[in-house]
Amino acid sequence: MALIQTVKGKTPQWGERCFLAENATLAGDITMGDDCSVWFGAVVRADVDAVVVGNRVNIQDCACVHQTAGAPVVLEDDVSIGHGAVVHACTVRRGALIGMNAVVLDKADIGEQAIIAAGAVVLAGSQVGPREIWAGVPAHKVKTAPEGQALEYAEHYMYIKEWYREP
């Protein structure tokens with residue numbers, strides 16, 4: 001089981017059928033829905049504000065999800081956070097994908113089914129529209145994603161997590 005840490009009287013909570021890798025860390029004011037997965041080496045820390053995670057969200061290996069005072073993290077349903085990504089004090093809308101080693105900074109808002117490319121850095125306060133694909137450092141819009149492209153990743157993790165939940 002993952003490291004579950006109570007901070008200032010707040011203990012992480014999660015729904016049904018979640019997979020939490022044994023070396024994942026969840027600390028503080030975290031609320032997570034059903035069918036989520038937090039993979040090996042990932043850290044979700046909510047010590048000065050909340051982290052609110054919807055249903056069917058996957059936070060992949062070595063990702064870091066962290067808030068700051070006055071700026072919670074909100075991950076809506078069907079979000080994928082790629083390996084090694086840093087998601088800090090921002091909102092990621094339904095069905096969006098944050099690519100491997102991407103960074104999303106404070107008060108950015110990532111639109112529904114948007115894709116943040118691997119290695120991209122989304123600057124604080126950026127507004128990414130629905131289905132937009134952003135890449136680069138700093139990140140900028142490069143094109144529009146086909147309907148459902150980002151959702152494929154969330155669907156993929158729905159069945160992979162079951163391999164690990166089975167005895």
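Contact here means heavy atoms within 4.5 Å. Keep that cut-off at hand for the exercises below, which work through a predicted model.

**Exercise 1. Place Thr-91 in the fold: which element holds it, is it buried or exposed, and which residues does it touch?**

*Step 1.* Start with the element: Thr-91 belongs to strand S12, residues 91–92.

*Step 2.* Next, accessibility. The relative accessible area of Thr-91 is 17%, and buried means under 20%, so Thr-91 is buried.

*Step 3.* Finally, set aside residues up to four places away in sequence; Thr-91 then touches Val-74, Ala-108, Asp-109 and Ile-110.

**Exercise 2. One of those partners, Asp-109, forms a salt bridge. Find the other residue and describe the setting of the pair.**

*Step 1.* The side chain of Asp-109 meets that of Arg-93, with an N to O distance of 2.7 Å.

*Step 2.* Locate both ends: Arg-93 is in the loop between S12 and S13, while Asp-109 is in strand S15 (residues 109–110). The two are 16 residues apart, and the pair links distant parts of the chain.

*Step 3.* Compare the accessibilities. Arg-93 is partly exposed at 28%, whereas Asp-109 is buried at 15%.

**Exercise 3. Describe the largest nonpolar core: how many residues does it have, and which elements supply two or more of them?**

*Step 1.* The core has 44 residues, and those with the most contacts inside it are Ile-59, Leu-75, Ile-98 and Ile-110.

*Step 2.* Two or more residues come from each of S3, S4 (25–32), S6 (43–53), S9 (73–75) and H1. S6 gives the most, with four residues.

*Step 3.* Look for anything apart from this core: a second, separate one of five residues includes Leu-97, Ile-115, Ile-133 and Ala-145.

*Step 4.* Now zoom in on Ile-98. Beyond its neighbours within four places in sequence, its contacts include Val-87, Val-92, Val-104, Ile-110 and Ile-116.

**Exercise 4. Trace the salt bridge of Arg-17 and the network around it.**

*Step 1.* Of the 13 salt bridges in the whole structure, one joins Arg-17 to Asp-35, with the closest N and O atoms 2.9 Å apart.

*Step 2.* Arg-17 sits in the loop between S2 (13–14) and S3, and Asp-35 in the loop between S4 and S5, 18 residues apart.

*Step 3.* Arg-17 is partly exposed at 35%, but Asp-35 is buried at 12%.

*Step 4.* Follow the shared partners: Glu-16, Arg-17, Asp-35, Lys-161, Glu-162 and Arg-165 are joined into one network.

Methods
Residues are numbered from 1 along each chain as its sequence is written. This is a predicted model: local features need pLDDT of at least 70, side-chain atom pairs count only at pLDDT 80 or more; totals for chains, interfaces and linings use all residues. Side-chain values use heavy atoms; hydrogens and water are left out. Buried means under 20% relative accessible area, exposed over 50%, partly exposed in between (1.4 Å probe, protein chains only). A nonpolar core is a set of buried Ala, Val, Leu, Ile, Met, Phe, Trp, Tyr and Cys residues joined through side-chain atoms within 4.5 Å. A salt bridge is a side-chain nitrogen of Lys or Arg within 4 Å of a carboxyl oxygen of Asp or Glu.
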